[in-house]
Amino acid sequence: MSLQMPEGKRLAISLSPDFDAHSVWIGTFRTSSQSALSRGEFGAEVGAPRLLETFARYGITTTWCIPTHTMQTFPERVAAVVDAGHEVAAHGVWHEYVPKLELDEERRLMELQLNLHEKHIGRRPRGYRSPALDITDNTLSVLEEFGLEWDSSLMGRDFEPYHPRLVTSIDLEQGNSFGKPSSVLEIPVSWGLDDFPELELLKGNATQQSNEAVFQRWKDAFDFAYERCPGGIATWTLHPQTIGRSYNLLMLERFIEYMQSHEGVWFPTLSEVVDAWRTDDNAPANSVK
């Protein structure tokens, strides 16, 4: 199983922004302080335009995962993402913490965000990334119910899409049991390839990494995937309010230049990855049940 890539391409790379703006502070950090909200405003008014300019300069089109709260709070900035030809995927309503949602509320918020995508983007998204990169026992079935094709929230692989299975029972003595694979294709992520926990300075956080340490980790991940996982995809999760800071953006641009110095690197949207993934020589991945 591998990606059926364009001729001459060896490895797919996704630099996929989570355009959270205010919502990450309201939803995940449960704060409405003006200081925190100003950081989200920076992401919308400064970080996102900088990131769009960087992507345009390097010829990269990618997938932006955008809460509908951002679409309604910063409509012109979201329109700029669409106008630049990037894909927009679902990323919650207000960056809600999904693992705490009961089924009825999870379904309600899914239906709401999809309707708001139609209103503000003009179409429903093909894929979803959960806020905080975590799901409930119901999320995959909710995605199937509402017709989404892919998810990018889980970490069961590193450089290979897969059809995720829920752990249906936990038994400390007999081992755990799995359910059937979902028809949704998982495009895996990793906290180690996410800029926010590494580079976003928070009060009381003494673990912020240096840009050189992060660059080296990202370079090592790319080198491994390029040499040992041909036909795969490596996904980076970026946040405009984090990677858009001047010092971080320079690191990102240095990393892009490093990747583009290698032959056969492809920068698809995540839906293009789904279209290129095959479970065998003939069947598309989304035919798996």
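This is a predicted model: local features need pLDDT of at least 70, side-chain atom pairs count only at pLDDT 80 or more; totals for chains, interfaces and linings use all residues.

Reader: Which residues of α10 are buried?

Author: A residue counts as buried under 20% relative accessible area. In α10 these residues are N248, L249, M251, L252, E253, F255, I256 and M259. As background, an α-helix has 3.6 residues a turn, so residues three or four places apart point the same way.

Reader: How is the packing of α2 and α10 described, in terms of the distance and crossing angle of their axes?

Author: One reads the approach of the axes, then the angle, then the handedness. The axes of α2 (residues 34-58) and α10 (residues 246-260) come within 11 Å and cross at roughly 20 degrees. Angles under 35 degrees count as roughly parallel, and therefore α2 is roughly parallel to α10. The crossing of α2 past α10 is right-handed.

Reader: Which residues of α2 and α10 meet?

Author: From α2 come R50, L51, T54, R57 and Y58, and they meet S246, L249, L252, E253, I256, E257 and Q260 of α10. By class, the residues of this contact of α2 with α10 comprise five nonpolar, three polar and four charged.

Reader: How do the axes of α8 and α10 stand to each other?

Author: The axes of α8 (residues 211-228) and α10 come within 11 Å, crossing at roughly 25 degrees. This angle makes α8 roughly parallel to α10. The crossing of α8 past α10 is right-handed.

Reader: Which residues make the contact of α8 with α10, and how do they divide by class?

Author: On the α8 side are N211, E212, V214, F215, W218, K219, F222 and D223, while α10 contributes Y247, N248, M251, L252, R254, F255, Y258 and M259. The residues of the contact of α8 with α10 divide into 10 nonpolar, two polar and four charged.

Reader: I turn now to backbone angles. What is phi of R30, and what is phi of H95?

Author: Phi of R30 is near 55 degrees, a positive value in a residue other than glycine. Phi of H95 is near 60 degrees, likewise positive in a residue other than glycine. R30 is in the loop between α1 (23-27) and α2, and H95 is in the loop between β4 (87-90) and α5 (103-120).

Reader: Is R30 buried or exposed, and is H95 buried or exposed?

Author: Relative accessibility decides the matter. R30 counts as exposed because its value is 60%, whereas H95 counts as buried because its value is 4%.

Reader: Where does Q174 lie, and where does P181 lie?

Author: Q174 is in the loop between β7 (167-169) and β8 (177-178), and P181 is in the loop between β8 and β9 (185-186). Q174 is exposed, at a relative accessible area of 67%; P181 is partly exposed, at 39%.

Notes:
Residues are numbered from 1 along each chain as its sequence is written. Side-chain values use heavy atoms; hydrogens and water are left out. Axes are lines fitted to C-alpha atoms, for helices over the stretch in contact, and angles run from 0 to 180 degrees between N-to-C directions. Helices (H or I, at least four residues) and strands (E, at least two) are DSSP runs, numbered from the N terminus. Angles under 35 degrees count as roughly parallel, over 145 as roughly antiparallel, 65 to 115 as roughly perpendicular and the rest as oblique. A crossing is left-handed if the near helix is turned anticlockwise from the far one by less than a right angle, and right-handed if clockwise. Contact means heavy atoms within 4.5 Å. Ala, Val, Leu, Ile, Met, Phe, Trp, Tyr, Cys and Pro count as nonpolar, Asp, Glu, Lys and Arg as charged, and the others, Gly among them, as polar. Buried means under 20% relative accessible area, exposed over 50%, partly exposed in between (1.4 Å probe, protein chains only).
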